[in-house]
Every structure is written in C-alpha cells, then in structure tokens.
Amino acid sequence: MGGWRDMPAEELEQQYSPSRWSPRMGPEEVIQAHLAATAAGTQRARAGSQTSLHVPYGNGDGEKLDIYLPTDPSGTFPVLVYIHGGYWQCLSKDESGFAAPSLVSQGVGLVAVGYDIAPKGHMDAMVLQVRRSIAFLVERYNRIRGFYLCGHSAGAHLAAMVLSTDWTEYGVMPDIKGAVLVSGVYDLEPILHTYVNDALNMSREVAQRNSPLLHIAPAAPAAAACKVLVAVAQHDSPEFRRQSREYVLVSTSRSRDPPGWEEGLRPCVQLAGPSLCWILPVWITLTLLRSCLRTATSSLR
C-alpha cells in the first residue's frame, strides 16, 4: 500500500497538523496570530466597505453570507467567493472579509460564506451548504458576472467540491471562471485516522463521498471556462503537498476532450509565499487572482 497507510499514528497526526509546521511560531501561537490578523482585517473591511452582512441563504444558523460590494456597484461585477478554513471545526465568515478592501476598489465583490462547522455540522451538510450558497447567489444577485472561488485548507476542500457539483440538481448554472485552492485536503480518508475526525465523526463512506479527488467532473458545463490554481506553501507538510499534487494529476489526466479542463486546470503545484502554514495572508489571494480579475473587470467595461 505504502504512503500514509504505513505511517505510525503519531507521524500521521503530525502530517495532518498544519500548525506544527510553521518554522517561525509554535502551534498555538500561529493559530492565535491567524485569528487576530483575519479578525482585525475583517473589522477594517466592514468599516470601510459597502456591505450586506449576515444574509441568509438557508434556514440553518450557520447559513449566512457576508457580501462586500464594489465601490461602484451600479453595474455588473465579478465576485470572489471566499470559503474559510479551520479544519471544518473552527473559524467563520466573521474572520473572512479581510481581502475585501483591495478587491472592491477594483470593482470586484467579495462574498464570505458561512456554514455549520463541526460538531454541529457534518461533512455532507457542509458540502451541501456551500453549494447552496452559490446557487442562492446566482438566483438572487443578477448583477454578478462571474464567480471566482477561493478556499484555504478546509475551504479549499469545499471549493473543490463545488467544482464537482452537478448543478442540474440545483436548477442553476453558475458562471465559475476561476478557483484558487490553497493548502487543501482532497482525499479525506487519511483524516479518519487522526484527531481531526474526533469532531467530524466521519465514516469511510462519508469520507469517500466528500473527497474531491474521487469526484472530479471534467465535463461539467459550469467548469468549461474555469481556470484552477492549486497552491501549497513552502512549509506545508509532505502529506499536504502530496494531496495537492495528486489532485492536479488526476484532474489533468481527465482533460483529453472536455473544454476548459484541457486548458483551464494548470498542472502545477506552486509555492505560495515563504511560510503559508495555516495563515492565508491577503496578498496571496490578490496575487493568485490578479490575472483572472484583470480579465474579468476589463471585459465588463
């Protein structure tokens, strides 16, 4: 079998503990630094942007969106949909608006997605909620012209599951133009054997059902023009890097005929900064999306 299956339990825990891999801070320190930076950045964004906060897209407590509108929202505009990380059991949309000021000033909206985290939320429900949030935006906001997904860690996993969605089940066809998946987990089975699953309580069937690596849909019409960038950090663990490489390899291996995936999914795992471990700085979002957003905004003029 090889790989993660042959790892001692302690080593597997280490591999799937991102906060332990920061060379500059201890595990608790890096988590607290992340929380402080994203919360402060979101507070500044809310104070300086035109917003619609806590917009319900469903009846659940966590089914809320924070929407940051462009400086001039009179016409149509693209949006960046940010899906937060936190290993599906911490963080929220309330720390996820930090990139808004730089985006709204360029005519791009930002939507921070809330979902029910564990232990209240379970994996099937989280995936469904994020998909429904996109469907809600398509139905209710007709001025949106183009969606760009961005997710970090657990958010990258959920964004990848959005890319595999059969949108006929939702009665919409979102125009997803790009996605940035940062330090994600695309095969959930290793997680079953770590502390992470204590709160998630996933079975093997649930893990397989919600593993993007097993559900890549290259022919999906919504992905026809979608460009996907998979990114890892210099100090991400070997297992996190392997997960990203395998997701890219499997995706590109299925790109023989369908448009979009053939040219759209870039077969690369990039280093995103010197130490991204657990922290997603504002600049990484802006840097990775700059070319996509420039194209989107120029096409709307």
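Contact is defined here as heavy atoms within 4.5 Å. Among contacts in the protein chain between residues at least 6 apart in sequence, 77% join residues at least 24 apart. The structure is a predicted model, in which local features need pLDDT of at least 70 and side-chain atom pairs count only at pLDDT 80 or more, while totals for chains, interfaces and linings use all residues. Residues are numbered from 1 along each chain as its sequence is written, and side-chain values use heavy atoms, with hydrogens and water left out.

The secondary structure of the protein chain comprises 10 helices and 8 strands, taken as DSSP runs (helices H or I, at least four residues; strands E, at least two) and numbered from the N terminus. Of its 301 residues, 55% count as buried; buried denotes under 20% relative accessible area, exposed over 50%, and partly exposed the range in between (1.4 Å probe, protein chains only).

The largest nonpolar core contains 61 residues, and those with the most contacts inside it are Val81, Trp88 and Leu181. Such a core is a set of buried Ala, Val, Leu, Ile, Met, Phe, Trp, Tyr and Cys residues joined through side-chain atoms within 4.5 Å. Apart from this core lies another, of 17 residues, among them Ala45, Tyr82, Val180 and Val182. With neighbours within four places in sequence set aside, the contacts of Trp88 include Met123, Met126, His157, Leu158 and Leu200.

Leu200 belongs to helix 6 (residues 197-200) and is buried, at 5% relative accessibility. Beyond its neighbours within four places in sequence, Leu200 is in contact with Tyr87, Trp88, Gln89, Ala118, Met123, Met126 and Ile191. The C-alpha atoms of Leu200 and Tyr87 are 9.3 Å apart, although 113 residues separate the pair in sequence.

Met123 and Met126 also take part in the packing of helix 4 against helix 5, where Met123, Met126, Val127, Val130, Arg131 and Ile134 meet His157, Leu158, Met161 and Val162. The axes of helix 4 (residues 123-140) and helix 5 (residues 154-163) come within 10 Å and cross at roughly 65°. These axes are lines fitted to C-alpha atoms over the stretch in contact, with angles running from 0 to 180 degrees between N-to-C directions.
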